[in-house]
Amino acid sequence: MEIGATLVSQNNDLRILLPALVGREGERAARRFLEFFTVHIRNANTRAAYGHAAGLFLGWCEAREITELRAIQPIHVAGYIEQLQKERSAPTVKQHLACLRMLFDWLVTGQVMPSNPAHSVRGPRHSVDKGATPVISSEEARELLDSMDATSLVRLRDRALVAVMAFTFARVSAVVDLKVEDYYPQKKRWWLRLREKNGKVNQMPCHHKLEAYLDAYIAAAGIREDKKGPLFRAAIGRSGKLSNRPVSRTDVWYMVQRRANDAQLETAIGCHTFRATGITDYLTNGGKLEVAQKMAGHSNAKTTGLYDRRSDDVSLSEVEKIGI
């Protein structure tokens, strides 16, 4: 396998360039390195993040004339992590270190390296009780949805897509993977079948507003009978028409920015905003944390609690008591 060979995933979202430092180790090492991303890691987002992290570290090593994998020592990993702490946030540094530990473990078990140089390196301390995801109010969320009226097919698609994220607490990756058949009737209501992280299949009944948004979009798009086709489809340029390809996560992010700008939202939001906003609104209206955990597909309630931003309003009201 040649230095500079590129691994491309089936959906072309992932491109991992084989670093020169790995390529010089020969065919077996190169194959083991690439298998780490294809065999060992199943989540596409993790693959992309870890591919970026591994490439940065190995490039850093090359710049310091470390030309063999076996020459990488714990002091090198520690030096890299210390430098990274000056440039990146603590969660990012911890992610990079986790990548290196897993990658080198994989290379050690594959007999490419004698030991794991990242094993003993400590990362930065980082503990949070509230997530950093920006949240908007219920009123702002309604205004955003109302701004995407039924004047065009693309707007109907965008409104339905945003509504799915807000009303089901779904990650954008699960939403763009939906097929038409994943919106189905059961017990006199319509449900969504969402495929979340770690292979979890989350079946959620639809809120009546979400049903209305989805029905209006599907009817306008004429895709009801295309059961195996993607539910949310990419637009064809600026023609106002939709293709048969699924919309990508990147396209959704740009769409959210455009729609937020149209609605004149002052908060800088992203796709995850609707997950946090939906959970907060649900809990504010008397929902239970353990139920929100199940709806969001979280493994534990502590993770769900990071999305609970009800305390933001309490903090603001307390600040306003200052009588200066």
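In which helix is Ala29 found? Ala29 is found in helix H2, residues 27-40. Helices (H or I, at least four residues) and strands (E, at least two) are DSSP runs, numbered from the N terminus. The model is a predicted one: local features need pLDDT of at least 70, side-chain atom pairs count only at pLDDT 80 or more, and totals for chains, interfaces and linings use all residues. Residues are numbered from 1 along each chain as its sequence is written, and side-chain values use heavy atoms, with hydrogens and water left out.

Ala29 counts as buried, at 5% relative accessibility. Buried means under 20% relative accessible area, exposed over 50%, and partly exposed in between (1.4 Å probe, protein chains only). Neighbours within four places in sequence aside, Ala29 is in contact with Val22 and Val112. Contact means heavy atoms within 4.5 Å. Ala29 and Leu107 are 78 residues apart along the chain. Their C-alpha atoms are separated by 7.7 Å.

The protein as a whole comes next. It holds 14 helices and 7 strands. Of its 324 residues, 42% count as buried. Among contacts between residues at least 6 apart in sequence, 56% join residues at least 24 apart. The accessible surface comes to about 17,800 Å². Carbon and sulfur atoms account for 50% of that surface. Accessible areas come from the Shrake-Rupley method with a 1.4 Å probe; for residues, only the protein chains shown count as cover.

An open sheet of 3 strands has the order E3-E4-E5, with antiparallel pairing. E3 and E5 stand at the edges, each with a single partner strand, so one side of each is left without a neighbour in the sheet. Neighbouring strands of this sheet are turned by 35° against each other on average, direction ignored. Axes are lines fitted to C-alpha atoms, for helices over the stretch in contact, and angles run from 0 to 180 degrees between N-to-C directions. Strands of a sheet pair through backbone hydrogen bonds, either parallel or antiparallel. Here, two strands pair if DSSP finds at least two bridges between them.

Strand E3 (residues 183-186) is joined to strand E4 (residues 189-195) by 4 bridges. Gln186 has Arg189 in E4 as its bridge partner. Tyr183 stands opposite Leu192 in E4. The hairpin of E3 and E4 has 2 residues between the strands. In this hairpin, Lys187 takes a positive phi near 55°. Leu192 has Met204 in E5 as its bridge partner. The hairpin of E4 and E5 has 5 residues between the strands, and Asn198 takes a positive phi near 60°. Helix H9 (residues 208-221) lies across E3 and E4. H9 runs at about 80° to E4.

Glu196 lies in the loop between E4 and E5. Glu196 is buried, with a relative accessible area of 8%. Its side chain makes a polar contact with the side chain of Arg171, at 2.9 Å. A polar contact is a pair of N or O atoms within 3.5 Å; within protein, one must be able to donate a hydrogen and the other to accept it, and residues adjacent in sequence count only if both atoms are side-chain atoms. Leaving aside neighbours within four places in sequence, Glu196 is in contact with Ala170, Arg171, Ala174, Asn202 and Arg275.

Phe167 lies in helix H7, residues 153-168. Phe167 is partly exposed, with a relative accessible area of 23%. Beyond neighbours within four places in sequence, its contacts include Met204, His207 and Tyr213. Phe167 and Cys206 are 39 residues apart in sequence and 7.6 Å apart in space, C-alpha to C-alpha. Cys206 is buried, with a relative accessible area of 2%. Cys61 is buried too, at 0%. A search of the whole structure finds 0 disulfides. A disulfide is taken as a pair of cysteine sulfur atoms within 2.5 Å.

A further hairpin is formed by E6 and E7, with 6 residues between them. Strand E6 (residues 233-235) and strand E7 (residues 242-246) pair in the antiparallel sense over 2 bridges. Ala235 has Leu242 in E7 as its bridge partner. Gly237 in the turn has a positive phi of about 55°.
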